[in-house]
Amino acid sequence: MTNPQRFDHPVNVTRPIVPPLADYAAMLEGVWQHRVLTNDGVLLRELERRLSERLDAPHIALFSSGTVALQIAIAALGLVGEVITPAFTFPATPHALSWAGVSPVFADIDPVRLTIDPDAVERAITPRTTAILGVHVYGIPCDVDALAAVAARHDLRIVYDGAHCFDTRIVQAPIGGFGDATMLSFHATKLFHCAEGGALIVRDEAMLRRVKLLRNFGIADAQTVLVPGINAKMNELEAAMGLLVLDRVADEHAAREAVTATYRRRFAGIPGLRMPAALPDVSDSHQYAVLLVDDSEAGLSRDDLHEGLKSFNVFARPYFYPLCSEAPHYRGLPSAARANLPVSFRVSRQVLCLPYYGELGVAGAERVADIVVHLLSRGRR
Ligand SMILES: *Cc1c(COP(=O)(O)O)cnc(C)c1O
């Protein structure tokens with residue numbers, strides 16, 4: 001086989017959906033007329049209404065980021081003491097706990113789902129534990145039934161970091177319907193985005209009122225400030241982006257579906273390469289194309305593959321490496337010990353998120369796959 005061609009432009013792990021610039025300008029015309037740029041504006045309300053319908057989420061509120069949405073969920077539920085969470089996640093997950101003065105306690109992940117292991121959660125519970133903060137990593141849902149059972153046995157709250165799953169469903173039930181609250185991130189790197197933004201899907205009207213109060217300084221009306229809230233409001237420019245991106249999600253799903261199928265076909269049967277299997281009854285979140293590289297069989301380490309791809313102008317990302325528990329501010333925690341997180345350690349050294357966006361197309365995915373296969377065959381020699 002001839003050596004594959006280097007891409008002449010950088011191919012990154014993702015590429016955000018953007019609407020035509022003229023559509024964005026037209027969407028902002030009303031904003032220019034009213035001069036209401038933020039504070040529960042018309043477009044924000046419209047986006048909340050459309051997302052509520054689209055996601056089957058009767059109780060949804062939007063925020064300026066997913067991280068601050070998570071912080072508000074933690075505050076609204078009054079979480080204190082210790083909260084059990086995975087180390088195999090983006091740093092925002094444990095950081096949201098730290099900012100609330102809550103101690104993260106790391107629990108290991110399940111080797112198949114790559115999400116927090118309910119048995120490990122149960123072993124980590126102490127008298128100070130108040131909640132479980134699960135992460136639907138890569139949009140693969142946590143074992144929500146097993147976690148609900150653990151929470152019920154120990155009277156714990158459950159919050160989900162659903163940053164990777166926009167409109168995922170489990171047996172037709174929307175992902176936001178589990179636990180006390182689910183955070184979604186609408187950052188530009190996420191499938192559905194507002195450039196920056198996030199959401200909380202909560203279980204009832206009372207909690208929805210509370211999180212909306214917290215996002216606007218705790219101000220109930222001109223004379224009444226009820227709680228020490230914060231500024232976590234999404235503005236009209238972001239909501240306008242969201243409304244236009246929302247119209248393009250279905251096409252993006254279809255285009256990413258073709259990319260996923262290409263990668264799966266090309267990597268099937270190659271020793272040492274694995275893509276996490278789709279779970280039965282779970283819809284694909286279309287957020288990442290994840291490759292697990294077992295160097296003893298592949299003949300090449302994840303890091304060598306990552307570096308090798310760069311020389312072809314392909315910029316994959318080893319999400320999530322290093323583990324959150326390896327960061328200086330967490331590594332002293334007893335739960336951060338390597339012996340407590342064997343699966344997380346192994347998986348974090350194997351994962352590589354490949355370029356994954358609709359515009360890559362089947363042809364682009366074939367080229368990336370050619371390069372991966374070429375690097376592996378060279379590694380084996
Ligand atoms: C993106 C992401 C976040 C942070 O969301 P922001 O909207 O960027 O604040 C949190 N957790 C996970 C798992 C993420 O991937």
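Student: Which strands does helix α4 lie across?

Tutor: This is a predicted model. In it, helix α4, residues 92–99, lies across β3 (82–86), β4, β5 and β6. The helix runs at about 150° to β4. On the sheet there is also helix α7 (residues 205–215), which touches β2, β9 (181–185) and β10 (198–202). The direction of α7 makes about 15° with that of β2.

Student: In what order do the strands of the sheet come?

Tutor: The order is β2-β10-β9-β6-β5-β3-β4, seven strands in an open sheet with mixed pairing. Each of β2 (60–63) and β4 (103–107) has a single partner strand, so one side of each is left without a neighbour in the sheet; these two stand at the edges. From one strand to the next, the twist averages 25°.

Student: In which sense do β5 and β6 pair?

Tutor: Strands β5 (residues 129–135) and β6 (residues 157–161) pair in the parallel sense, over five bridges. I132 has I158 of β6 as its bridge partner.

Student: How are two packed helices described?

Tutor: By the angle between their axes and the distance between the axes. Here, take α2 (residues 42–54) and α8 (residues 236–246): their axes come within 8 Å and cross at roughly 35°. The crossing is left-handed.

Student: Which residues make the contact between α2 and α8?

Tutor: From α2 they are V42, L43, L44, E46, L47, R50, L51 and R54. Helix α8 supplies E236, A239, A240, G242, L243 and L246. Nine of the contact residues are nonpolar, one is polar and four are charged.

Student: Is R256 buried or exposed?

Tutor: Buried means under 20% relative accessible area. R256 has 1%, so R256 is buried. This arginine is in helix α9, residues 249–267. Leaving aside residues up to four places away in sequence, R256 touches T14, R15, L191, H286, Q287, Y356, Y357 and G358.

Student: How many aromatic pairs does a search of the whole structure find?

Tutor: Eleven. One of them, F88 with Y138, is edge-to-face, at 6.1 Å centre to centre and with 85° between the planes. This pair links distant parts of the chain, 50 residues apart: F88 is in the loop between β3 and α4, and Y138 in the loop between β5 and α6 (144–154). F88 is buried at 0% relative accessibility, and Y138 is buried at 5%. F186 and F192 form another edge-to-face pair, with 4.8 Å between centres and 85° between planes. Both F186 and F192 are buried.

Student: Which residues form one aromatic cluster with F88?

Tutor: Y138, Y288, Y319 and F320.

Key: Residues are numbered from 1 along each chain as its sequence is written. This is a predicted model: local features need pLDDT of at least 70, side-chain atom pairs count only at pLDDT 80 or more; totals for chains, interfaces and linings use all residues. Side-chain values use heavy atoms; hydrogens and water are left out. Two strands pair if DSSP finds at least two bridges between them. Helices (H or I, at least four residues) and strands (E, at least two) are DSSP runs, numbered from the N terminus. Axes are lines fitted to C-alpha atoms, for helices over the stretch in contact, and angles run from 0 to 180 degrees between N-to-C directions. Contact means heavy atoms within 4.5 Å. Buried means under 20% relative accessible area, exposed over 50%, partly exposed in between (1.4 Å probe, protein chains only). A crossing is left-handed if the near helix is turned anticlockwise from the far one by less than a right angle, and right-handed if clockwise. Ala, Val, Leu, Ile, Met, Phe, Trp, Tyr, Cys and Pro count as nonpolar, Asp, Glu, Lys and Arg as charged, and the others, Gly among them, as polar. Rings of Phe, Tyr and Trp (its six-membered ring) pair if their centres lie within 6.5 Å; planes under 30 degrees apart count as stacked, over 60 as edge-to-face and the rest as tilted.
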